[in-house]
Amino acid sequence: MPGIKKFPIGGTHLPENKDLTTDSPIKWLNAAQSVAIPLKQHLGVACKAVVSAGDEVHVGQLIGANSEGLSARIHASTSGTVTAIEKRVMIDHSATECVVIQCSNAADQQEPGIDAAVPVKGPADAVPEPDEVRKRVEEAGIVGMGGAAFPTHVKLQVKKDTPIDSIIINGAECEPYITTDDRLMQERTAELYRGLDIIRQTVGAQRGYVACEVNKPAAIKAITEEAERWPQLEAVRLDTRYPHGAEKHLIKAVLNREVPIRQLPMAVGVIVNNVQTAIAITEAVDHAIPLTRRVLTVSGSVVSQPGNFSVPVGTPLGDLVTAAGGPTEDDYRLVVGGPMTGMLTDDYGIPVTKSTSGIVLIRPGEYADRSAEVCIRCGRCVSVCPMYLQPNRITTFVRNEMIEEAEEFGVNDCILCGACSFVCPSRRPLLQWLREGKAKSASAAEERRRRNPV
Amino acid sequence: MSLQYSSTGPHIHSQDSIARTMWSIAVALLPATVVSAWLFGPYALYLIFATAVASALIEMPLNGDGFSLRFPLGDGSAFIAGMILGLSLAPTSAWWVPIVGAALMVVVGKYVFGGLGNNIFNPALVARAILLLSWPYQITRWVSPLDGTTSATPLGGLEVGYLELFLGNVPGSLGETSVVALLLGAAFLIVRGLISWRVPLSVLGGAAVAAVLFGLDPLFTLLSGSIMFGAVFMATDMVTSPTGKTSHLVYGAGCGFLTVVIRRYTAYPEGITFAFLIMNGLAYLMDRLGADPIFGQVEERKRRVYRAALLVGAVALMALLTVAGFAGRAFVADRYVEAELERSIVAGYPTATRIVQATAYDPQVSIYRVYEDRQLLGYYARTRVNGYGGPMQITALLDEHDKLTSVVVGEHAETPTIGTQVRSGGFLEQFAGFGPDDRDGLLDEVEFITGATVSSRAVISGVERILAARDEDAAAPDEPDAALADLEDGVFEGSGRGYAGDIVVTVTVEGGRVSAIEIQSHSETPGIGDRAMDTMADRIIDAGSLAVDAVSGATGSSRGLSAAVEDALSGN
Ligand code: SF4
Ligand code: SF4
């Protein structure tokens with residue numbers, strides 16, 4: 001096995017706190033009472049509901065669809081009765097149309113999991129034609145489950161002028177606390193490799209890689225052993241450094257290719273997929289199971305029984321906290337996603353979507369203190385920025401409404417990883433200002449277009 | 001889609017804070033502090049901590065955080081800057097220097113610009129610069145460590161070995177003398193991730209390159225003076241240095257290079273204060289122009305490499321041209337000057353057969369001894385003085401008894417109608433007959449040209465200077481006939497008084513010229529005196545004259561050797 005790989009400059013080490021859940025097997029969780037399934041869980045246009053209030057639905061049934069290219073179908077994640085189709089607040093504070101399903105009794109919620117009797121296909125088994133694969137993936141409503149929620153069937157569509165030669169499965173999972181990919185790599189290794197091989201053959205790539213940071217020894221062991229069965233796939237060990245999970249940095253580390261600025265990985269012949277997405281592809285292609293659940297981590301120092309759970313999409317956050325035994329202290333904050341890039345909320349009714357990687361309850365001592373003292377120009381933010389930006393300067397521009405200068409210094413190239421904020425000794429909320437900067441830059445661009453339509 | 005920015009991450013944070021950063025720097029300063037207390041005594045501790053505490057106190061009312069928990073040391077930034085300033089003081093600084101320095105640092109260096117994070121120039125250096133310009137004596141009186149005698153610093157001409165420089169047992173500022181203590185501090189800072197190795201290393205690199213270019217000993221340059229201290233604790237000052245990786249390198253190299261330029265070409269033996277201040281002023285520009293390409297700017301990176309290569313090429317070419325120009329011009333100018341000089345001397349002494357340049361004790365005066373065979377005809381001397389309109393060249397001819405025979409005003413820039421009259425025979429004739437002994441009478445006895453007081457006075461001062469130089473020249477021991485020609489063959493022994501005792505030599509004369517000088521015994525400093533004597537012996541043999549320049553830094557040994565050779569040949 002080749003040595004440990006990493007991207008060349010920038011990045012930082014975080015307190016990982018993964019030991020809380022790395023050894024707890026994924027627990028199957030049924031919906032408690034009701035789920036609210038958002039009709040928009042992907043980049044692009046929202047789906048239209050194909051059921052209406054009062055309908056009986058069963059798990060896996062199609063409930064939302066849209067013929068638009070960039071959308072992904074939505075399926076019922078539990079059996080029950082549709083009680084309403086209404087707007088609910090999402091984690092990004094947008095109000096999104098949701099199909100609310102009141103669960104029927106637990107017995108017939110049992111979803112079509114992979115039948116233990118049907119063996120997972122191996123390297124020798126055939127993969128359907130690319131068009132067939134894309135059709136099954138589209139029907140299963142699969143999106144990128146790492147966060148971006150890009151519809152996967154679109155990603156598997158190869159453009160003629162940019163042939164793909166390598167597929168990377170992103171098992172870096174560099175966010176602290178989160179261990180979903182870690183567990184999946186250990187528990188569902190065969191399906192992961194099968195999924196990777198399906199992707200590889202569908203887009204006509206030669207090689208596939210499963211990349212994992214060395215802070216997950218059990219997962220590394222699992223993927224390394226499994227790789228021996230697959231002649232064209234291999235396991236890659238990554239150094240532990242935040243943010244290895246960022247697509248462009250993963251590519252740089254694994255293949256030493258640099259994705260040109262403002263371009264997609266395809267430009268260098270690579271597609272990156274999430275661990276869970278690859279497993280979902282196996283389920284969809286080989287077992288015809290739609291994407292209705294996801295595995296996520298519920299962790300944090302104030303959670304009494306932190307663990308990894310497979311939960312129906314649409315489950316309210318509150319149910320997850322309950323499933324993990326609830327908090328042990330009263331004073332905590334709820335973060336959806338990882339503590340680096342996730343969002344803070346106090347609304348426990350927000351539903352889990354296909355791209356929710358976990359929730360973390362953080363204690364006061366761990367709160368990012370936002371005292372925001374003056375910038376002492378120490379340069380630490382510059383030295384950790386994996387995009388080689390100058391966050392100190394960009395944020396100064398943003399705060400002085402100098403958007404053009406901020407753009408010139410690359411505000412739009414920021415990947416919002418938060419490494420700069422994490423290390424800033426003056427506790428400046430750089431990431432927050434960078435987000436503001438991006439939003440302002442977008443509206444400035446909009447304004448320019450409006451005034452000067454080409 | 002509305003985003004509430006305050007709910008975005010990161011929700012965890014590294015344990016670092018401004019205060020932690022600052023106190024870590026204090027830890028890094030400890031080795032240097034301890035060493036300075038050991039070398040220079042407890043007063044060193046007073047100087048260092050008085051500056052630090054005074055800085056913190058003076059900052060208290062200014063930082064607007066007067067009565068919070070962090071009272072009274074604030075975030076520690078003033079305390080640290082104070083320690084750094086304290087460590088850069090001379091061990092004998094007066095008791096008030098720390099306090100005045102601290103006030104200058106906090107008020108002028110920091111709060112005039114708006115406080116922590118906003119100052120353009122390193123506050124400690126600002127304070128140091130003001131102190132240096134206002135009280136040069138108080139802050140540059142150096143003493144030897146441990147025994148406390150007043151002494152020059154190695155940069156001021158003291159001869160010391162590398163090991164002493166490394167350990168710090170040499171005179172200098174409190175914190176700068178011990179390189180080993182500074183390296184300890186640097187290692188700590190780099191390991192803690194508080195400074196990037198790029199800055200100190202490029203400072204040293206820039207200084208070494210400059211040293212090689214200007215013909216200095218690079219290792220000595222790095223080990224002596226404040227370069228090491230500055231590289232570790234001053235160039236890395238966060239607020240006033242750039243933040244990018246490339247700009248770190250450029251900035252550091254600039255600091256080091258400029259320091260050596262200032263050491264070499266200005267009146268200040270230590271250049272870091274002004275060099276670093278200049279670079280501070282450029283830090284922002286460097287971050288702006290030297291921003292590293294963004295990850296993914298593949299083309300841009302290639303372009304930069306190409307451009308950097310072009311730049312290096314262009315600079316190299318320019319350097320080559322400049323050097324060639326200089327060499328060519330010096331060559332031509334030397335030839336011209338020599339020819340002109342010879343013409344002019346021969347015009348004054350038509351029978352001259354041999355001209356020997358005498359050692360100039362006053363560097364502004366050049367004196368030539370003029371001989372007809374072995375017979376001294378007199379002295380020919382030149383100097384430059386500032387007249388009314390600019391520099392003026394004064395030439396004086398003296399006879400063998402050191403009496404002026406004539407004075408000539410050469411190139412000048414005086415006003416054509418009146419000032420020029422100083423060139424008139426009537427005015428210049430008045431100087432004839434004066435000698436070194438009665439030069440004090442010149443001012444009274446020479447009549448000024450009416451309306452051209454400044455020009456007249458300038459000529460008189462030039463003549464005075466020449467006579468003074470002649471006076472010292474005549475009094476010097478290795479006089480008068482320095483030329484070693486037409487000697488009797490044989491081996492002769494002689495002795496002379498050196499720096500530390502008598503030097504005994506044997507001189508071999510073959511074919512009328514000295515062919516070998518051997519040192520029989522001496523008690524000069526090993527490594528310095530003996531090397532200087534060997535050099536002198538070579539110089540004397542090569543020149544065929546005793547009138548050669550002494551080896552700088554070992555004048556005593558050099559003179560002693562000349563005296564011994566002269567003694568050996570005295571019967572000749
Ligand atoms: S959030 Fe943006 S600016 Fe900050 S480190 Fe990450 S990429 Fe760089
Ligand atoms: S890390 Fe913070 S204090 Fe340091 S330069 Fe960046 S913004 Fe300024």
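This is a predicted model: local features need pLDDT of at least 70, side-chain atom pairs count only at pLDDT 80 or more; totals for chains, interfaces and linings use all residues.
1. Residues are numbered from 1 along each chain as its sequence is written, chains are lettered from A and ligands numbered from 1 in the order in which they are written, and side-chain values use heavy atoms, with hydrogens and water left out.

2. Chain A has a domain 1 (18-22 + 113-287) and a domain 2 (380-451); such bounds come from an automatic or database domain assignment. Their C-alpha centres are 30 Å apart. Six residues of domain 1 and seven residues of domain 2 take part in the contact (heavy atoms within 4.5 Å).

3. About 580 Å² is buried between domain 1 and domain 2 of chain A, with 61% from carbon and sulfur atoms; buried area is the accessible area (1.4 Å probe) that two parts lose on being put together, summed over both. On the domain 1 side, A:Tyr242, A:His249 and A:Arg262 lose the most area, together 63% of what that side buries.

4. One salt bridge is found across this interface (a side-chain nitrogen of Lys or Arg within 4 Å of a carboxyl oxygen of Asp or Glu). A:Arg262 forms a salt bridge with A:Asp413, the closest N and O atoms being 2.9 Å apart.

5. Ligand 2 is surrounded by residues including A:Cys375, A:Cys378, A:Cys381 and A:Cys424 (a residue is near if one of its heavy atoms lies within 4 Å). Also in this shell are A:Arg377, A:Asn392 and A:Arg428.
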